[in-house]
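Hi,

Here is the structure I promised to pass on. Have a look at it first, and then read my notes below.

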Amino acid sequence: MVERRIPKPHDLLPLMQFKKPEFNARKRRLAAATTISDLRAIAKKVTPTAPFDYTDGAAEGEISLARARQAFQDIEFHPAVLENVANVDTGWDVLGERVAFPFGIAPTGFTRMMQTEGERAGASAAAAAGIPFTLSTMGTTSIEDVTAAAPGGRNWFQLYMWSERERSMALVDRAAAAGYDTLVVTVDTPVGGARLRDVRNGMTIPPSLTPKTIVDALPRPAWWINFLTTEPLAFASLDRWSGTVAALIDTMFDPTVGPDEVKYIREQWKGKLIVKGVQSVADAKLAVDLGADAVQLSNHGGRQLDRAPIPFHLLPSVVREVGKDAEVHLDTGIMNGADIVASVALGARFTFIGRAYLYGLMAGGREGVDRAIQILSGEIVRTMKLLGVASLEELQPHHVTQLSRFTTLQPMPEQSSLSAGRPAAAKPAAPAARKAPARKPAAAKA
């Protein structure tokens, strides 16, 4: 029988742990967020439906996005035990310069619509964390203002080729003058994808005050106060626009862009060049042939062609084919630091976060972006330690198995969408040993 007694004060004192109350609601919410999904839940509560859905949604049935996330959930890790992981190095060189972690902030359009601090919050948080920030052509902070917000940061610029070539190249010149070291050319947007949430929400740029949006705003007054009391929403790289997002995209994007345009950009741009939106081995080879220093496997976060290839599934074959000649980067579906670790293990040199960053931004501005980066970086460190690796270089394909839910009934030959009729890429008999891509001599900045 258990003997009971009245507890003594000195027994109770160690159990009484009272935390100092946090009266700042934003800080309290962010401190309680332990995953990117937690930040998403906060963002949904404090952001009007239209801008939240613009971030959260994808094209048509949103199948591409769901499959990309499922691919990461279907990872099986293979850890090694009895390894010394007291100290873990999470950084290495990406395009000739060191990054603190193998991920950076992806280019996102209309960012100040999600939260008024917008790109300034993203750029300054990235600089503080030692990772790159990418400004979109459709961003809402100017090229020069991003540099001013993060003067010590590593800033990259993402380019859409417009039908008016001179305007596109003027942006490239501005980015070079402002000290951006890398140009990210997006090639998967001949037209805008069918983003049905935006259509159903009647989303316009800037948001319109209608009976529907006013009712939606009532439980979210802080967003509207910030929106109405700060500088008007405008694009950094083009004139003001008043209309739907789909109409803007179809006005701006050029469906005639081909290899010659990428080659021309390569000739004009003196820094590093990434070709973003690659979705096949053949297109990866073509991008490298055109002078890309890195290819970015991406289906645009599922926001363009629904049922597009899953970038994470493409990764091993693309690394085998072009990994010795160029870096292979990846985006779409990343919601956990373990997703980043798995990508590095299968050969990715770098990854990008888009929604994960924006959830943090919407949840708490600059502090929310900091929190998103903290969550992901903490998950990277923990996953590496549990895998028994002390550096990114130690991550290898044998650490990861991709469990597949999809069966290809009739495999189709590889074909480049950038160059019709391009012969299929030969597939090697066995995976080659992983090596860092050869470095090209750094060119002087313009």
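**What I found**

E321 counts as partly exposed, at 23% relative accessibility (buried means under 20% relative accessible area, exposed over 50%, and partly exposed in between, with a 1.4 Å probe and protein chains only).

A word on the basis first. This is a predicted model, where local features need pLDDT of at least 70 and side-chain atom pairs count only at pLDDT 80 or more, while totals for chains, interfaces and linings use all residues. Residues are numbered from 1 along each chain as its sequence is written, and side-chain values use heavy atoms, with hydrogens and water left out.

Now the overall picture. The protein has 18 helices and 14 strands (DSSP runs numbered from the N terminus: H or I of at least four residues for helices, E of at least two for strands). It has 446 residues, and 53% of them count as buried. Among contacts with a separation of 6 or more, 77% are between residues 24 or more positions apart (contact means heavy atoms within 4.5 Å).

Back to E321. Its partner is K285: the two form a salt bridge, with the closest N and O atoms 3.6 Å apart (a salt bridge is a side-chain nitrogen of Lys or Arg within 4 Å of a carboxyl oxygen of Asp or Glu). That pair links distant parts of the chain, since K285 is in helix 15 and E321 in helix 16, 36 residues apart. K285 is partly exposed too, with a relative accessible area of 28%.

The axes of helix 15 (residues 281-289) and helix 16 (residues 311-322) come within 9 Å and cross at roughly 35° (axes are lines fitted to C-alpha atoms, for helices over the stretch in contact, with angles from 0 to 180 degrees between N-to-C directions). On the helix 15 side the contact is made by V281, A284, K285 and V288, and on the helix 16 side by S317, V318, E321 and V322.

How many salt bridges are there in total? The count comes to 17 by this rule. One of them joins the side chains of D56 and R197, at 3.0 Å from N to O. D56 lies in helix 4 (residues 49-56) and R197 in helix 10, so the pair ties together parts that are 141 residues apart in sequence. D56 is buried, with a relative accessible area of 6%. Both residues also belong to a network of salt bridges that links R40, D53, D56, E62 and R197. Elsewhere, D216 forms a salt bridge with R220, with the closest N and O atoms 3.0 Å apart, and both D216 and R220 are buried.

D198 lies in helix 10 (residues 196-201). Leaving aside its neighbours within four places in sequence, D198 is in contact with D53, Y54 and M203.

Last, some backbone angles to check. Most residues other than glycine have a negative phi. F110 has a positive one, near 60°, in the loop between strand 4 (103-105) and helix 6 (111-114). F110 is buried, at 1% relative accessibility. T332 has a positive phi near 90°, and its place is in the loop between strand 12 (327-330) and helix 17 (337-345). T332 is buried as well, with a relative accessible area of 6%.

Cheers
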